[in-house]
Amino acid sequence: MSEIAIAEPRIGRLLTAQIRRDLTVAFRSPGEMINPLVFYLIAVTLFPFGVGPGVERNAAIAAGVLWVLALLATLLALDALFRRDYDDGTLEQLALHADPLFVGVLAKVLAHWLVTGLPLTVFAPLGALMLHLDPAAMPTLVVTLLLGTPILSVIGSVGAALTVGLRRGAALLALIVLPLYIPVLILGAGAVTARLDGLDPTPQIVWLAALLAFALTSAPFAAAQGLRVGLE
Amino acid sequence: MTSEPEHCLLHARSLSCERDGRLLFAKLDLTIAAGDVVELRGPNGSGKTTLLRCLAGLTADFEGDVERHTPIAYCGHRGGLKAELTPLENLRWYAALAGVDVGVGGLCEQLDAMGLEGYALTPCQQLSAGQQRRVALARLRFASAPLWLLDEPLTSLDEHGCALVRDLLDAHRRAGGGAICATHAALEVAGARTQSLGLRA
């Protein structure tokens, strides 16, 4: 037995290997990767058709629309977070060998955010221009999305983990996750609205940052536990 | 089968499992010691995969105790390969997961030894089912897990591939490892202490 050397799994290596693997997979199937972004941009262009062409009318709803659509676009991509790995068997390998599993989950969530949440944030100013959002509120919009979209991804990972073994999990996923998104939506859209009203958006932004810290340090544990249940 | 605890890789006591009202196995005792290759035989649906998943710790939905004394490597009927990635990238992920230091050269050697010369950089979705199975089994060569749990390791392998698996199991057994394989075809591992388990259907 002594000739079989067992190396200590290193957390940093696990984290980088998992992120690198998920990013490589994402870039090899780019259609799936840009799907949420395309949904986001198309949905934004639909709103002026729906509410009418008035500049003021669009500007008034812009913050809320951009935030709700970012939330829905994240939800759209969330179902694939663990499902593809579940189908090809790499998820059970991750659950068996990733030590600790929450590091593997955190890596998957970070990679997921890099290919969905980050592009949504980067392209949000474009959507904001289409909806005539006051350019002065643009930095607030980007900052809140930069803090908020990772919260959406990491909270969503808990729901995605719990529903991974279900054949029609996507509908249940929305039911589990959307109520949890409400505080993020209120704070994110509220900060932009406050900025438009000439108020200081700092309190909402600080609250978002606190939520992000809390979600990043707690949700991966819940998602890891959810995966163990979901894999059975 | 040795009873000394340091040679015992896995010990399961009075395992019972029920799925959809059918009793798959009841009061099953199983010990895998160093040097044991256990063949798990039984008809389709008799609970071979379920037993392996119980032993691996992938499901907690059973009665009884499973004591695992060493790290395990589990090859399920789902291959555990990313179709978009090349065999090399898949193995690199496994090496990082197991915390084993194997360079690109080392991983290529493992692939060559499994008869996959020249396929290291071909995306797995372009490989045949048998070749994918070989990639999945290649990681056993460096996983440094003393206990292997293999679910139908010979599926879609040709004769040469089956011989490779036999050699792999034989070398592993000689090195002091143990394995349990769910299979319907006889493994015929040379000189192995093979123990067939008939499960109740």
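Q: How many helices and strands does the secondary structure of chain A contain?
A: From the N terminus on, the elements of chain A run α-α-α-α-α-α-α-α-α-α. The secondary structure of chain A in this predicted model therefore comes to 10 helices and zero strands.

Q: What is the radius of gyration of chain A, and what does the globule rule give for 232 residues?
A: For 232 residues the globule rule gives 17 Å, and the value for chain A is close to that, so chain A is as compact as a globular protein of that length. Its radius of gyration is 19 Å.

Q: Which helix of chain B supplies the largest share of the side that touches chain A?
A: The contact draws 27 residues from chain A and 30 residues from chain B. Five residues on the side of chain B form the largest share, and they belong to helix α2 (residues 87-98) of chain B.

Q: Into which domains is chain B divided, and how far apart do their C-alpha centres lie?
A: Chain B is divided into domain 1 (1-70 + 148-201) and domain 2 (76-145). The C-alpha centres of these two domains of chain B lie apart by 23 Å.

Q: Which element gives the most to the side of domain 1 of chain B that touches domain 2 of chain B?
A: In chain B, 14 residues of domain 1 are in contact with 12 residues of domain 2. On the domain 1 side, β6 (147-151) and α5 (159-174) of chain B each supply at least two residues. The most, five residues, comes from α5(B).

Terms used:
Residues are numbered from 1 along each chain as its sequence is written. Chains are lettered from A and ligands numbered from 1 in the order in which they are written. This is a predicted model: local features need pLDDT of at least 70, side-chain atom pairs count only at pLDDT 80 or more; totals for chains, interfaces and linings use all residues. Helices (H or I, at least four residues) and strands (E, at least two) are DSSP runs, numbered from the N terminus. The radius of gyration is taken over C-alpha atoms; the globule rule is 2.2 Å times the number of residues to the power 0.38. Two residues are in contact if their C-beta atoms, placed from the backbone, lie within 7 Å. Domain bounds come from an automatic or database domain assignment.
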